[in-house]
Amino acid sequence: PKERFLIRYPDGKRSIILQNSKVELFGEKVDQQGVMSRVIQYEDTARTVVVECNELFFPAMRVDHMIQRTRRPMENMHHEYFSRENECEQKEVGKLRCIKKFNDKTRADGLVKRMEEFGSSITEHFLNRALLRRIVYISMLPKDAKKPKSSELITIGTGMGLAVVERMDEHFEEPADPSKLEKSVACRSYLLKERRIRVTYHCEHEVLRREDVYSKDDVTNDSSAKELIKLENASVSAVKSIQTEMIRLTESTYEMETKMMESSESAFHTGEMRTFLPGPIKKDKVSNSNGSDIDYLSPYLQVENQYLSKEDAMRVKNACLQDTKERSLERANVIQTKLRQEKVENGEADISFRIEMLEKRLAEHEKKATTKYKQLEQKLNEDVRLTSLCDSE
């Protein structure tokens, strides 16, 4: 099957165009992101507005071992699924929420699920520990504002600013021995904003529940309060450590995707895959102005010859430029739609940091899109396979 696919589709890629959708099939090592198949559903018959995109990957080609990804850009949502070799098995990112599920055998802290409500709270679930759940209540720190007294700050993400930790609730499981029920802690609430710690104990009946409250302003002769303050500091450190780790994982995935997209050399034309390429397509290299191997025109070349007629060269050039322009416009439309939805549905007061982030992303995209288009046009003008465009009529 592999050899037949390569003989029939020499560039290692097959596209099937339907009325409101598009199916793309890739051979191994063809797509820079390691895509095996991609199904795109569009809102219109012109196929300009993407509703949903489903992708399957070759896990061995990806550093993060991703096996599947579903994206709905109009809803600002995407789901990612990973193999068992990655500590994160599943990630669901929505408009105002991010949920990550972890492999319970890969983390020493027992974290199995983490749900982040953007700008509101962070909930962590643990397994095989006395601590079952930790809920961190946060509020966004306004831009250029000073850190409040007696407070802790955590970084939300790159370009998303800082958040103030106002409160942390830690919930613990009930002891197996019923005689120890009333002495075991059910919940510890660290009220950082109020400088208080509240401890609630397990009980058989809700009306008999015992609750102790400690003030951090007067702990001179209270050993219990001092011990609770140490536990609070340890919990804050754990929350910051996990948050830093999550940001690092997100940034590393983004950097990997960016490098894959910027790579102009396809691994399809190297190694063992080249042995299956028949006829004139089996050649050593095609060089651009800087001497590096390129294959960016392969999707537009029906048969890759050494020389193209002027009409064919013009067709290839226009198709390449048009696809680049459509992708840039599509991306800009998606960002603008998200920006309008945020302003209409939520207003600028509650989530101003998200609106500001989207505005910056749109401005950055417009700047990069113009630069990339000019660079592509220059590359096409210097491509040796399109030299017929320079010939006199």
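Analyst: pLDDT is the predictor's confidence in each residue, from 0 to 100. This is a predicted model, so local features need pLDDT of at least 70, side-chain atom pairs count only at pLDDT 80 or more, and totals for chains, interfaces and linings use all residues. Residues are numbered from 1 along each chain as its sequence is written, and side-chain values use heavy atoms, with hydrogens and water left out.

User: What is the mean pLDDT of the protein?
Analyst: A pLDDT of 70 or more is reached by 80% of the residues. The mean for the protein is 78.

User: Which element has the highest mean pLDDT?
Analyst: Helices (H or I, at least four residues) and strands (E, at least two) are DSSP runs, numbered from the N terminus. Among these elements, helix α4 (residues 347–350) has the lowest mean, 52. The highest mean, 94, belongs to β10.

User: How many contacts beyond four places in sequence does the model have for residues 264–294?
Analyst: Contact means heavy atoms within 4.5 Å. Over residues 264–294, pLDDT stays under 50. For these residues, the number of contacts beyond four places in sequence is 58.

User: How many strands are there in the protein?
Analyst: The protein has five helices. Its strands number 16.

User: What share of the residues counts as buried?
Analyst: Buried means under 20% relative accessible area, exposed over 50%, and partly exposed in between (1.4 Å probe, protein chains only). The protein has 393 residues. Of these, the buried share is 41%.

User: Which residues does Ile138 touch, not counting residues up to four places away in sequence?
Analyst: Ile138 is one of the residues that touch the most other members of the largest core. In soluble globular proteins, nonpolar side chains tend to be buried together. Residues up to four places away in sequence aside, Ile138 touches Gly119, Ser120, Ser121, Ile154, Ile156, Ala163, Val164 and Val165.

User: How many residues are in the second, separate core?
Analyst: This core includes Ala313, Val316, Cys320 and Leu380. Its residue count is seven.

User: With which residues is Thr324 in contact, leaving aside neighbours within four places in sequence?
Analyst: Thr324 sits in helix α3 (residues 310–345). Its relative accessibility is 13%, so Thr324 counts as buried. Beyond its sequence neighbours within four places, Thr324 is in contact with Tyr373 and Leu376.

User: How far apart in space are Thr200 and His171, C-alpha to C-alpha?
Analyst: Thr200 lies in strand β15 and counts as buried because its relative accessibility is 11%. In sequence, Thr200 and His171 are 29 residues apart. In space, C-alpha to C-alpha, they are separated by 9.5 Å.

User: How many bridges join β3 to strand β4?
Analyst: Two strands pair if DSSP finds at least two bridges between them. Strand β2 (residues 21–26) runs antiparallel to β3 (residues 35–42), with five bridges. β3 and β4 (residues 50–57) also run antiparallel. The bridges between β3 and β4 number seven.

User: Which residue in β4 is the bridge partner of Val35?
Analyst: On the other pairing, Leu25 has Ser37 of β3 as its partner. For Val35, the partner in β4 is Phe57.

User: How far away from Cys88 is the nearest cysteine sulfur?
Analyst: A disulfide is a pair of cysteine sulfur atoms within 2.5 Å. A search of the whole structure finds zero. Cys88 counts as buried because its relative accessibility is 8%. The nearest cysteine sulfur belongs to Cys98, at 8.3 Å.

User: Is Asn128 buried or exposed?
Analyst: Asn128 is found in the loop between β10 and β11. Its phi is positive, about 60 degrees, although Asn128 is not a glycine. At 75% relative accessibility, Asn128 counts as exposed.

User: And Asn76, buried or exposed?
Analyst: Asn76 lies in the loop between β5 (66–72) and β6 (77–82). Asn76 has a positive phi of about 55 degrees and is not a glycine. With 18% relative accessibility, Asn76 counts as buried.

Definitions and conventions
Core = buried A, V, L, I, M, F, W, Y, C linked by side-chain atoms within 4.5 Å.
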